[in-house]
Number of protein chains: 2
Amino acid sequence: MNRSSLGLYLVTDSRFCAGRDLVEVVVEAVRGGVTIVQLREKEADTRRFVGLGRRMKAALAPYGVPLIINDRVDVALACGADGVHLGMSDMAVADARRLLGPDAVIGLSVESLGQLEAWKDNGDVDYFGVSPVFSTPTKTDTAPPFGLEGLRRAAAMTSRPLVAIGGINVGNAAEVVAAGADGLAVVSAVMGAENPRAAAERLKGFLK
Amino acid sequence: MNRSSLGLYLVTDSRFCAGRDLVEVVVEAVRGGVTIVQLREKEADTRRFVGLGRRMKAALAPYGVPLIINDRVDVALACGADGVHLGMSDMAVADARRLLGPDAVIGLSVESLGQLEAWKDNGDVDYFGVSPVFSTPTKTDTAPPFGLEGLRRAAAMTSRPLVAIGGINVGNAAEVVAAGADGLAVVSAVMGAENPRAAAERLKGFLK
(Lines give C-alpha, C1' and ligand atoms only; values in the text may rest on other atoms or scores of the structure.)
Protein backbone atom coordinates (compact mmCIF):
# COMPACT_ATOMS: atom_id res chain seq x y z
CA MET A 1 0.00 0.00 0.00
CA ASN A 2 1.41 3.36 -1.04
CA ARG A 3 1.43 5.46 2.12
CA SER A 4 0.70 8.72 0.31
CA SER A 5 -2.45 7.31 -1.27
CA LEU A 6 -3.92 7.03 2.23
CA GLY A 7 -3.45 10.75 2.85
CA LEU A 8 -6.99 12.05 2.71
CA TYR A 9 -9.23 9.04 3.18
CA LEU A 10 -12.91 9.74 2.59
CA VAL A 11 -15.48 7.42 4.15
CA THR A 12 -18.91 7.88 2.59
CA ASP A 13 -22.09 8.28 4.57
CA SER A 14 -25.20 8.96 2.55
CA ARG A 15 -26.90 10.41 5.65
CA PHE A 16 -24.76 13.53 5.27
CA CYS A 17 -25.63 14.07 1.62
CA ALA A 18 -28.89 15.87 2.37
CA GLY A 19 -30.49 15.04 -0.96
CA ARG A 20 -27.31 15.50 -2.99
CA ASP A 21 -26.07 12.60 -5.11
CA LEU A 22 -23.47 10.59 -3.17
CA VAL A 23 -21.19 10.06 -6.17
CA GLU A 24 -21.25 13.75 -7.07
CA VAL A 25 -20.37 14.76 -3.51
CA VAL A 26 -17.46 12.30 -3.54
CA VAL A 27 -16.17 13.50 -6.91
CA GLU A 28 -16.22 17.09 -5.66
CA ALA A 29 -14.22 15.99 -2.63
CA VAL A 30 -11.75 14.16 -4.88
CA ARG A 31 -11.27 17.38 -6.85
CA GLY A 32 -10.38 18.95 -3.52
CA GLY A 33 -7.69 16.37 -2.77
CA VAL A 34 -9.24 13.16 -1.42
CA THR A 35 -6.79 10.34 -2.24
CA ILE A 36 -8.85 7.22 -1.45
CA VAL A 37 -12.56 6.51 -0.98
CA GLN A 38 -14.22 3.95 1.24
CA LEU A 39 -17.82 3.21 0.29
CA ARG A 40 -19.72 2.42 3.47
CA GLU A 41 -23.36 1.39 3.13
CA LYS A 42 -24.72 -0.37 6.16
CA GLU A 43 -28.38 -0.14 5.14
CA ALA A 44 -28.40 -0.65 1.35
CA ASP A 45 -29.43 -4.01 -0.10
CA THR A 46 -26.81 -5.87 -2.12
CA ARG A 47 -28.18 -4.90 -5.53
CA ARG A 48 -28.12 -1.20 -4.70
CA PHE A 49 -24.68 -1.44 -3.01
CA VAL A 50 -23.16 -3.09 -6.11
CA GLY A 51 -24.78 -0.53 -8.41
CA LEU A 52 -23.49 2.35 -6.32
CA GLY A 53 -20.05 0.73 -6.19
CA ARG A 54 -19.92 0.50 -9.98
CA ARG A 55 -20.93 4.13 -10.42
CA MET A 56 -18.36 5.18 -7.82
CA LYS A 57 -15.59 3.10 -9.39
CA ALA A 58 -16.29 4.61 -12.82
CA ALA A 59 -16.39 8.12 -11.38
CA LEU A 60 -13.08 7.70 -9.51
CA ALA A 61 -11.18 6.01 -12.34
CA PRO A 62 -10.26 9.23 -14.19
CA TYR A 63 -8.67 10.54 -10.99
CA GLY A 64 -6.72 7.36 -10.22
CA VAL A 65 -8.34 7.30 -6.79
CA PRO A 66 -8.81 3.80 -5.35
CA LEU A 67 -12.20 2.56 -4.16
CA ILE A 68 -12.41 0.51 -0.97
CA ILE A 69 -15.62 -1.26 0.09
CA ASN A 70 -16.58 -1.45 3.74
CA ASP A 71 -16.95 -5.07 4.90
CA ARG A 72 -18.57 -6.60 1.79
CA VAL A 73 -16.12 -8.72 -0.19
CA ASP A 74 -18.91 -9.76 -2.57
CA VAL A 75 -19.68 -6.15 -3.41
CA ALA A 76 -15.96 -5.41 -3.87
CA LEU A 77 -15.60 -8.34 -6.27
CA ALA A 78 -18.77 -7.50 -8.19
CA CYS A 79 -17.96 -3.84 -8.75
CA GLY A 80 -14.23 -4.27 -9.30
CA ALA A 81 -13.22 -2.22 -6.28
CA ASP A 82 -9.59 -2.01 -5.21
CA GLY A 83 -10.13 -3.58 -1.82
CA VAL A 84 -12.06 -3.76 1.41
CA HIS A 85 -11.95 -2.21 4.82
CA LEU A 86 -12.70 -4.65 7.63
CA GLY A 87 -13.66 -4.39 11.25
CA MET A 88 -13.49 -7.09 13.88
CA SER A 89 -17.05 -8.30 13.18
CA ASP A 90 -16.62 -8.25 9.39
CA MET A 91 -15.15 -11.05 7.32
CA ALA A 92 -11.88 -12.38 8.75
CA VAL A 93 -8.78 -10.87 7.12
CA ALA A 94 -7.43 -14.25 5.96
CA ASP A 95 -10.75 -15.13 4.28
CA ALA A 96 -10.92 -11.76 2.57
CA ARG A 97 -7.35 -12.08 1.30
CA ARG A 98 -8.07 -15.56 -0.05
CA LEU A 99 -11.17 -14.34 -1.91
CA LEU A 100 -9.75 -11.03 -3.16
CA GLY A 101 -6.27 -12.16 -4.13
CA PRO A 102 -2.81 -10.74 -3.44
CA ASP A 103 -3.27 -7.37 -5.17
CA ALA A 104 -6.34 -6.15 -3.30
CA VAL A 105 -5.98 -3.52 -0.59
CA ILE A 106 -7.13 -4.76 2.81
CA GLY A 107 -7.49 -2.35 5.69
CA LEU A 108 -8.31 -3.40 9.23
CA SER A 109 -9.73 -1.23 11.98
CA VAL A 110 -8.14 -1.78 15.36
CA GLU A 111 -9.99 -0.46 18.37
CA SER A 112 -7.25 -0.75 20.97
CA LEU A 113 -3.46 -0.93 21.25
CA GLY A 114 -3.90 -4.58 22.19
CA GLN A 115 -5.62 -5.29 18.87
CA LEU A 116 -2.86 -3.46 17.01
CA GLU A 117 -0.25 -5.49 18.89
CA ALA A 118 -2.02 -8.70 17.85
CA TRP A 119 -2.29 -7.70 14.18
CA LYS A 120 0.69 -5.45 13.48
CA ASP A 121 2.81 -8.14 11.84
CA ASN A 122 0.00 -9.73 9.81
CA GLY A 123 1.06 -9.79 6.17
CA ASP A 124 -2.50 -9.68 4.83
CA VAL A 125 -3.23 -6.21 6.22
CA ASP A 126 -2.13 -3.26 4.07
CA TYR A 127 -2.99 -0.51 6.53
CA PHE A 128 -4.60 -0.15 9.93
CA GLY A 129 -7.46 2.09 10.84
CA VAL A 130 -6.95 3.49 14.33
CA SER A 131 -10.53 3.79 15.44
CA PRO A 132 -11.75 5.96 16.95
CA VAL A 133 -9.11 8.62 17.58
CA PHE A 134 -11.80 10.94 18.91
CA SER A 135 -15.41 10.29 19.75
CA THR A 136 -17.65 10.86 16.75
CA PRO A 137 -21.32 11.32 15.99
CA THR A 138 -21.02 9.14 12.83
CA LYS A 139 -20.62 5.86 14.63
CA THR A 140 -22.13 5.32 18.05
CA ASP A 141 -21.02 1.74 18.68
CA THR A 142 -17.33 2.50 18.94
CA ALA A 143 -14.71 1.59 21.51
CA PRO A 144 -13.19 4.25 23.84
CA PRO A 145 -11.18 6.79 21.78
CA PHE A 146 -7.40 6.39 21.40
CA GLY A 147 -6.86 10.12 21.75
CA LEU A 148 -3.69 11.72 20.43
CA GLU A 149 -1.56 9.92 23.01
CA GLY A 150 -3.01 6.55 21.99
CA LEU A 151 -2.35 7.35 18.34
CA ARG A 152 1.25 8.27 19.19
CA ARG A 153 1.68 4.97 20.99
CA ALA A 154 0.15 3.13 18.03
CA ALA A 155 2.56 4.84 15.63
CA ALA A 156 5.47 3.91 17.88
CA MET A 157 4.41 0.25 17.87
CA THR A 158 4.55 -0.22 14.11
CA SER A 159 5.94 1.24 10.94
CA ARG A 160 2.86 0.03 9.05
CA PRO A 161 0.58 2.71 7.55
CA LEU A 162 -1.99 4.07 9.99
CA VAL A 163 -5.21 5.86 9.11
CA ALA A 164 -6.72 7.93 11.90
CA ILE A 165 -10.50 7.46 12.03
CA GLY A 166 -13.10 9.24 14.12
CA GLY A 167 -13.79 12.89 14.75
CA ILE A 168 -11.04 14.20 12.45
CA ASN A 169 -11.58 17.79 11.29
CA VAL A 170 -9.67 20.98 10.51
CA GLY A 171 -9.46 21.72 14.22
CA ASN A 172 -7.38 18.65 15.05
CA ALA A 173 -5.92 17.44 11.72
CA ALA A 174 -2.49 19.01 12.32
CA GLU A 175 -2.13 17.32 15.72
CA VAL A 176 -3.33 13.99 14.31
CA VAL A 177 -0.70 14.08 11.56
CA ALA A 178 1.95 15.13 14.09
CA ALA A 179 0.96 12.18 16.28
CA GLY A 180 1.92 9.80 13.47
CA ALA A 181 -1.11 9.25 11.22
CA ASP A 182 -0.31 8.56 7.58
CA GLY A 183 -3.91 9.10 6.60
CA LEU A 184 -6.80 11.19 7.84
CA ALA A 185 -10.14 9.45 7.53
CA VAL A 186 -12.98 11.90 7.29
CA VAL A 187 -16.71 11.45 7.03
CA SER A 188 -18.93 14.29 8.19
CA ALA A 189 -16.16 16.92 7.87
CA VAL A 190 -16.32 16.45 4.09
CA MET A 191 -19.56 14.58 3.30
CA GLY A 192 -21.54 17.04 5.39
CA ALA A 193 -19.76 20.18 4.16
CA GLU A 194 -21.67 22.64 2.05
CA ASN A 195 -18.64 22.69 -0.26
CA PRO A 196 -17.02 19.24 -0.10
CA ARG A 197 -14.23 20.30 -2.46
CA ALA A 198 -13.19 23.24 -0.30
CA ALA A 199 -13.47 21.12 2.84
CA ALA A 200 -11.14 18.53 1.31
CA GLU A 201 -8.69 21.21 0.19
CA ARG A 202 -8.44 22.60 3.71
CA LEU A 203 -7.88 19.18 5.25
CA LYS A 204 -5.34 18.25 2.57
CA GLY A 205 -3.22 21.19 3.71
CA PHE A 206 -2.51 19.47 7.02
CA LEU A 207 -0.92 16.41 5.43
CA LYS A 208 2.81 15.96 5.24
CA MET B 1 -29.67 -28.94 -10.49
CA ASN B 2 -30.97 -32.34 -9.55
CA ARG B 3 -34.72 -31.89 -9.18
CA SER B 4 -35.03 -34.44 -6.37
CA SER B 5 -32.45 -32.65 -4.25
CA LEU B 6 -34.87 -29.70 -4.04
CA GLY B 7 -37.58 -31.91 -2.54
CA LEU B 8 -37.67 -30.74 1.06
CA TYR B 9 -35.95 -27.37 1.12
CA LEU B 10 -35.31 -25.99 4.59
CA VAL B 11 -34.83 -22.25 5.02
CA THR B 12 -33.32 -21.41 8.39
CA ASP B 13 -34.66 -18.74 10.69
CA SER B 14 -32.96 -18.46 14.04
CA ARG B 15 -36.01 -16.68 15.46
CA PHE B 16 -37.84 -20.02 15.53
CA CYS B 17 -35.07 -21.85 17.40
CA ALA B 18 -36.23 -20.67 20.83
CA GLY B 19 -32.84 -21.07 22.46
CA ARG B 20 -31.95 -24.28 20.63
CA ASP B 21 -28.77 -24.39 18.54
CA LEU B 22 -29.56 -23.59 14.91
CA VAL B 23 -27.20 -26.20 13.50
CA GLU B 24 -28.59 -28.91 15.78
CA VAL B 25 -32.17 -28.09 14.77
CA VAL B 26 -31.18 -28.27 11.10
CA VAL B 27 -29.37 -31.59 11.51
CA GLU B 28 -32.43 -33.07 13.22
CA ALA B 29 -34.54 -31.89 10.28
CA VAL B 30 -32.05 -33.43 7.83
CA ARG B 31 -32.40 -36.74 9.67
CA GLY B 32 -36.11 -36.39 9.02
CA GLY B 33 -35.65 -35.96 5.29
CA VAL B 34 -34.62 -32.38 4.46
CA THR B 35 -32.73 -32.52 1.14
CA ILE B 36 -31.25 -29.01 0.91
CA VAL B 37 -30.65 -26.19 3.39
CA GLN B 38 -30.70 -22.46 2.81
CA LEU B 39 -28.95 -20.45 5.51
CA ARG B 40 -30.75 -17.14 5.85
CA GLU B 41 -29.33 -14.60 8.28
CA LYS B 42 -30.53 -11.10 7.70
CA GLU B 43 -29.30 -9.70 11.02
CA ALA B 44 -25.96 -11.43 11.65
CA ASP B 45 -22.71 -9.61 10.98
CA THR B 46 -20.40 -11.08 8.35
CA ARG B 47 -18.02 -12.73 10.79
CA ARG B 48 -20.84 -14.58 12.55
CA PHE B 49 -22.57 -15.49 9.27
CA VAL B 50 -19.38 -17.06 7.88
CA GLY B 51 -18.76 -18.93 11.12
CA LEU B 52 -22.29 -20.29 11.16
CA GLY B 53 -22.00 -21.22 7.48
CA ARG B 54 -18.84 -23.21 8.16
CA ARG B 55 -20.42 -25.07 11.06
CA MET B 56 -23.51 -25.77 8.96
CA LYS B 57 -21.47 -26.97 5.97
CA ALA B 58 -19.48 -29.36 8.15
CA ALA B 59 -22.65 -30.65 9.82
CA LEU B 60 -24.42 -31.27 6.48
CA ALA B 61 -21.47 -32.88 4.70
CA PRO B 62 -21.97 -36.39 6.16
CA TYR B 63 -25.55 -36.35 4.85
CA GLY B 64 -24.63 -35.12 1.35
CA VAL B 65 -27.11 -32.27 1.81
CA PRO B 66 -26.16 -29.09 -0.08
CA LEU B 67 -25.87 -25.73 1.70
CA ILE B 68 -27.22 -22.62 -0.01
CA ILE B 69 -26.56 -19.11 1.35
CA ASN B 70 -29.24 -16.45 1.15
CA ASP B 71 -28.01 -13.40 -0.79
CA ARG B 72 -24.39 -13.25 0.40
CA VAL B 73 -21.97 -14.46 -2.27
CA ASP B 74 -19.01 -13.52 -0.04
CA VAL B 75 -20.32 -15.72 2.77
CA ALA B 76 -20.94 -18.56 0.30
CA LEU B 77 -17.39 -18.31 -1.01
CA ALA B 78 -15.83 -18.03 2.44
CA CYS B 79 -17.62 -21.04 3.93
CA GLY B 80 -17.50 -23.24 0.84
CA ALA B 81 -21.27 -23.41 0.42
CA ASP B 82 -22.80 -25.03 -2.65
CA GLY B 83 -24.53 -21.91 -3.88
CA VAL B 84 -26.73 -18.92 -3.18
CA HIS B 85 -30.39 -18.06 -3.25
CA LEU B 86 -31.11 -14.61 -4.63
CA GLY B 87 -34.02 -12.23 -4.60
CA MET B 88 -34.60 -9.25 -6.83
CA SER B 89 -32.81 -6.86 -4.44
CA ASP B 90 -29.86 -9.20 -3.86
CA MET B 91 -26.82 -9.47 -6.10
CA ALA B 92 -27.70 -9.76 -9.79
CA VAL B 93 -27.74 -13.36 -11.06
CA ALA B 94 -25.07 -12.72 -13.71
CA ASP B 95 -22.71 -11.18 -11.14
CA ALA B 96 -23.24 -14.07 -8.75
CA ARG B 97 -22.59 -16.63 -11.50
CA ARG B 98 -19.39 -14.84 -12.50
CA LEU B 99 -18.13 -14.81 -8.91
CA LEU B 100 -19.25 -18.33 -7.95
CA GLY B 101 -18.35 -20.18 -11.13
CA PRO B 102 -20.26 -22.67 -13.29
CA ASP B 103 -20.74 -25.40 -10.67
CA ALA B 104 -22.46 -23.34 -7.99
CA VAL B 105 -26.21 -23.66 -7.47
CA ILE B 106 -28.05 -20.39 -8.02
CA GLY B 107 -31.70 -20.07 -7.12
CA LEU B 108 -33.80 -17.03 -7.86
CA SER B 109 -37.04 -16.02 -6.19
CA VAL B 110 -39.68 -14.73 -8.57
CA GLU B 111 -42.59 -12.82 -7.07
CA SER B 112 -44.93 -12.82 -10.06
CA LEU B 113 -45.63 -14.74 -13.25
CA GLY B 114 -44.22 -11.75 -15.13
CA GLN B 115 -40.89 -12.14 -13.35
CA LEU B 116 -40.86 -15.85 -14.11
CA GLU B 117 -41.61 -15.09 -17.77
CA ALA B 118 -38.65 -12.70 -17.87
CA TRP B 119 -36.25 -15.15 -16.24
CA LYS B 120 -37.42 -18.63 -17.21
CA ASP B 121 -34.90 -19.10 -20.01
CA ASN B 122 -31.93 -17.63 -18.14
CA GLY B 123 -29.12 -20.18 -18.16
CA ASP B 124 -27.56 -18.94 -14.92
CA VAL B 125 -30.55 -19.87 -12.76
CA ASP B 126 -30.69 -23.48 -11.53
CA TYR B 127 -34.11 -23.30 -9.91
CA PHE B 128 -36.81 -20.75 -9.24
CA GLY B 129 -38.40 -19.97 -5.91
CA VAL B 130 -42.09 -19.20 -6.41
CA SER B 131 -42.59 -16.71 -3.61
CA PRO B 132 -44.86 -16.52 -1.82
CA VAL B 133 -47.31 -19.30 -2.63
CA PHE B 134 -49.30 -18.44 0.47
CA SER B 135 -49.04 -15.51 2.82
CA THR B 136 -46.63 -16.21 5.64
CA PRO B 137 -45.71 -14.83 9.04
CA THR B 138 -41.98 -15.41 8.36
CA LYS B 139 -41.60 -12.63 5.82
CA THR B 140 -43.81 -9.59 5.93
CA ASP B 141 -42.42 -7.68 2.93
CA THR B 142 -43.61 -10.11 0.30
CA ALA B 143 -45.58 -9.65 -2.92
CA PRO B 144 -49.20 -10.88 -3.23
CA PRO B 145 -49.32 -14.69 -2.95
CA PHE B 146 -49.34 -16.83 -6.13
CA GLY B 147 -51.88 -19.22 -4.62
CA LEU B 148 -52.22 -22.75 -5.97
CA GLU B 149 -53.60 -21.48 -9.26
CA GLY B 150 -50.63 -19.14 -9.72
CA LEU B 151 -48.26 -22.00 -8.93
CA ARG B 152 -50.01 -24.20 -11.54
CA ARG B 153 -49.62 -21.44 -14.10
CA ALA B 154 -45.95 -21.04 -13.19
CA ALA B 155 -45.37 -24.77 -13.63
CA ALA B 156 -47.11 -24.64 -17.01
CA MET B 157 -44.83 -21.81 -18.14
CA THR B 158 -41.57 -23.67 -17.61
CA SER B 159 -40.07 -27.09 -17.18
CA ARG B 160 -37.38 -25.62 -14.91
CA PRO B 161 -37.34 -26.77 -11.27
CA LEU B 162 -39.69 -24.78 -9.03
CA VAL B 163 -39.51 -24.50 -5.27
CA ALA B 164 -42.70 -23.36 -3.58
CA ILE B 165 -41.97 -20.84 -0.84
CA GLY B 166 -44.27 -19.27 1.74
CA GLY B 167 -46.80 -20.75 4.10
CA ILE B 168 -46.11 -24.40 3.18
CA ASN B 169 -47.15 -26.89 5.86
CA VAL B 170 -48.65 -30.37 6.26
CA GLY B 171 -52.09 -28.94 5.61
CA ASN B 172 -51.32 -27.79 2.07
CA ALA B 173 -48.18 -29.72 1.01
CA ALA B 174 -50.11 -32.32 -1.04
CA GLU B 175 -51.91 -29.62 -3.06
CA VAL B 176 -48.67 -27.68 -3.57
CA VAL B 177 -46.93 -30.76 -4.98
CA ALA B 178 -49.97 -31.54 -7.15
CA ALA B 179 -49.87 -27.96 -8.48
CA GLY B 180 -46.39 -28.60 -9.87
CA ALA B 181 -43.81 -27.77 -7.22
CA ASP B 182 -40.60 -29.78 -7.38
CA GLY B 183 -39.57 -28.58 -3.96
CA LEU B 184 -41.31 -27.51 -0.79
CA ALA B 185 -39.56 -24.71 1.04
CA VAL B 186 -40.32 -24.69 4.71
CA VAL B 187 -39.30 -22.41 7.52
CA SER B 188 -41.52 -22.24 10.57
CA ALA B 189 -43.20 -25.62 9.88
CA VAL B 190 -39.87 -27.29 10.63
CA MET B 191 -37.67 -24.72 12.41
CA GLY B 192 -40.46 -23.94 14.83
CA ALA B 193 -41.54 -27.54 15.41
CA GLU B 194 -40.99 -29.09 18.80
CA ASN B 195 -39.63 -32.14 16.94
CA PRO B 196 -38.00 -30.89 13.71
CA ARG B 197 -37.14 -34.42 12.61
CA ALA B 198 -40.74 -35.64 12.86
CA ALA B 199 -42.00 -32.46 11.17
CA ALA B 200 -39.64 -33.06 8.25
CA GLU B 201 -40.66 -36.71 8.02
CA ARG B 202 -44.33 -35.77 7.76
CA LEU B 203 -43.67 -33.18 5.04
CA LYS B 204 -41.40 -35.54 3.16
CA GLY B 205 -44.33 -37.92 2.79
CA PHE B 206 -46.11 -35.48 0.49
CA LEU B 207 -43.32 -35.39 -2.08
CA LYS B 208 -43.52 -37.40 -5.28
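**Entry 1: helix α6 of chain B.** I looked up the buried residues (under 20% relative accessible area, 1.4 Å probe, protein chains only) of helix α6, residues 147-157 of chain B, and found B:Gly147, B:Leu148, B:Gly150, B:Leu151 and B:Ala154. They lie on the same side of α6(B), because they cover an arc of only 160 degrees around the axis; the arc is that of the directions from the helix axis to the C-beta atoms. Helices are DSSP runs of H or I, at least four residues, and strands are runs of E, at least two, numbered from the N terminus. An α-helix has 3.6 residues a turn, so residues three or four places apart point the same way.

**Entry 2: basis of the model.** I note that the model is predicted, that local features need pLDDT of at least 70 and side-chain atom pairs pLDDT 80 or more, while totals for chains, interfaces and linings use all residues. Residues are numbered from 1 along each chain as its sequence is written, chains are lettered from A and ligands numbered from 1 in the order in which they are written, and side-chain values use heavy atoms, without hydrogens and water.

**Entry 3: cis bonds.** I found a cis peptide bond between A:Ser131 and A:Pro132, with omega about -10 degrees. A:Pro132 sits in the loop between β6 and α6 of chain A. In chain B, B:Ser131 and B:Pro132 are also joined by a cis peptide bond, with omega about -5 degrees.

**Entry 4: positive phi.** I recorded a phi of about 70 degrees for B:Asp71, which is not a glycine. B:Asp71 belongs to the loop between β3 and α3 of chain B and is buried at 7% relative accessible area.

Notes. Buried means under 20% relative accessible area, exposed over 50%, partly exposed in between (1.4 Å probe, protein chains only).
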